[in-house]
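Hi everyone, thanks for making time this morning. Let me put the structure on the screen, and then I'll walk you through the parts I'd like you to look at.

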Amino acid sequence: MFSKNSTNKSTKISFNTFLSGAPARDYIMQDTHYDEQIAQAANMIRNADHVLLGAGAGMSTAAGAQYGGKFFEEHFGEFQRIYGKGPHMQDMYSAGFYPFPDQESKWGLWSRLALTAGADLDVTPLHRTLLSAFEGKKLFLLSTNVDHQFEKAGLSTEQIFATQGSYNLIQCKHGYHPKTYNAVERFREMDAARRNGRIPSEMVPKCPVCGGNMAMNLRVDDHFVEDAAWHEAGRRFGAFLSEAQDKKLVLVELGVGFNTPTIIRFPFEKLSQEHENINLIRLNVGSGAAVPASLGKRAVGIDADMAKSIADIVSSVRR
Ligand SMILES: NC(=O)c1ccc[n+]([C@@H]2O[C@H](COP(=O)([O-])OP(=O)(O)OC[C@H]3O[C@@H](n4cnc5c(N)ncnc54)[C@H](O)[C@@H]3O)[C@@H](O)[C@H]2O)c1
Ligand SMILES: [Zn+2]
């Protein structure tokens, strides 16, 4: 259980002190009517000066991003024919983990995947709608998404801390040096040059420092590179929260489940428990929408497709 006092007031918050591995133990589903929940969330937003958004995979899904099924067959049929439809070649997430025989094959798939799920993805209408609710407020986004959709929707990079990497960046596979490289143009060249799932050997990216293989800048193992821009974004996040923690702050959690709950979900619960001036809006579907009972009216968990709940909240805020 979290303590109810506010001993943390005015202490500086950093990304590391913000993180939490402990879930609330008093989850409840709301028993109020949907319309009442929307009104409650809209009120929290209207009354806030500071807004911290926390976005997980559900945000992109609700906005229309597709990863498997027919969509995968259409965009990755070539790879299904080569590797079979086995467990890996079902959706973009699993495909990335296929044990590729060589680097030419690995980048053959990954260039396609990175472009499809990242640079070429546009599910921004829902993101834009959401952002329109916060005009005039101090806004920051913490996100585990790696697909840049909030940036495309108009949020400035200074307001974003994307902790888990980017579909646009590559790094030294072993993380031997702390730099990342934008590879979108290279991905386009690879995508155009690919034959039978493989790219030409001379296109395989090599580490400019150690000469070894490169990898996507995605947090999948301990070699994930946190470059200067990552640390700078982390510092801006800490500065925003250090200032906002004693103000009228609302935390808006968007489709964050239990895959990586320690970065947004649990810390949002802890922060709200520790500060009586902080409200929590949790948007999710099913049991993911449960909120800590001890937060009382300071938390609202809305169990609905975010394509709907976001639109309803925004029109209620503007009413
Ligand atoms: N778009 C991306 O960039 C992307 C996509 C998939 C995975 N990832 C990575 O995988 C990890 C996923 O962790 P996570 O906790 O975000 O994901 P998660 O899969 O644990 O949680 C997603 C949550 O969104 C909810 N959700 C799904 N569709 C919804 C809808 N239409 N309306 C409301 N809620 C909905 C689900 O109930 C679930 O709780 C992250 O580390 C991330 O880096 C990123
Ligand atoms: Zn290297």
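In helix α6, the residues Trp107, Ser111, Arg112, Ala114, Leu115 and Ala119 meet Val184, Phe187, Arg188, Met190 and Asp191 in α9. Please keep in mind that this is a predicted model. Helix α6 covers residues 103–119 and helix α9 covers residues 184–193; the two pack at an angle of about 125 degrees, with 9 Å between their axes. That angle makes α6 oblique to α9. As for handedness, the α6 and α9 crossing is left-handed.

While we're on α6, have a look at Lys106, which has its place in that helix. Is Lys106 buried or exposed? Lys106 counts as buried, because it has 22 C-beta neighbours inside 10 Å. If you want a sense of scale, pick Ile38: it is 68 residues from Lys106 along the chain, and their C-alpha atoms are separated by 45 Å.

Ile38 takes us to the other helix pair I wanted to show. Helix α2, residues 34–47, packs with helix α12, residues 306–318, at an angle of about 55 degrees, and the axes are 9 Å apart. So α2 is oblique to α12. The residues making this contact are Ile38, Ala39, Ala41, Ala42, Ile45 and Arg46 on the α2 side, with Asp312, Ile313, Ser316 and Val317 on the α12 side. The crossing of α2 and α12 is right-handed, whereas that of α6 and α9 is left-handed.

Now let me zoom out to the domains. The chain is divided into domain 1, made of 15–62 + 123–164 + 227–318, and domain 2, made of 68–120 + 167–218. Taken over C-alpha atoms, the centres of domain 1 and domain 2 are separated by 31 Å. How many residues are in contact between them? There are 5 residues of domain 1 in contact with 8 residues of domain 2.

Next, the nonpolar core. The largest one has 80 residues, and Leu52, Leu251 and Ile281 have the most contacts inside it. Let's click on Ile281: leaving out residues up to four places away in sequence, it touches Ala41, Met44, Val250, Leu251, Val252, Glu253 and Val300.

Helix α11, residues 265–274, is worth a look too. It is largely enclosed by the rest of the structure, because 8 of its 10 residues are buried. Among those buried residues are Arg265, Glu269 and Lys270, along with Phe268 and Leu271. What do the buried residues of α11 pack against? They pack against α1 and the strands β2, β8, β9, β10 and β11.

Last stop, the backbone. Most residues other than glycine have a negative phi. His148 is not a glycine, yet its phi is positive, about 60 degrees. His148 sits in the loop between β3 and α8, and it is buried, with 20 other C-beta atoms within 10 Å. Asn196 also has a positive phi without being a glycine, here about 50 degrees. You'll find Asn196 in the loop between α9 and β7. With 11 C-beta neighbours inside 10 Å, Asn196 counts as exposed.

Key:
Residues are numbered from 1 along each chain as its sequence is written. Chains are lettered from A and ligands numbered from 1 in the order in which they are written. This is a predicted model: local features need pLDDT of at least 70, side-chain atom pairs count only at pLDDT 80 or more; totals for chains, interfaces and linings use all residues. A nonpolar core is a set of buried Ala, Val, Leu, Ile, Met, Phe, Trp, Tyr and Cys residues joined through C-beta atoms within 7 Å. A residue is buried if 20 or more other C-beta atoms lie within 10 Å of its own, exposed if 12 or fewer, and partly exposed in between; C-beta atoms are placed from the backbone. Two residues are in contact if their C-beta atoms, placed from the backbone, lie within 7 Å. Axes are lines fitted to C-alpha atoms, for helices over the stretch in contact, and angles run from 0 to 180 degrees between N-to-C directions. Helices (H or I, at least four residues) and strands (E, at least two) are DSSP runs, numbered from the N terminus. Angles under 35 degrees count as roughly parallel, over 145 as roughly antiparallel, 65 to 115 as roughly perpendicular and the rest as oblique. A crossing is left-handed if the near helix is turned anticlockwise from the far one by less than a right angle, and right-handed if clockwise. Domain bounds come from an automatic or database domain assignment.
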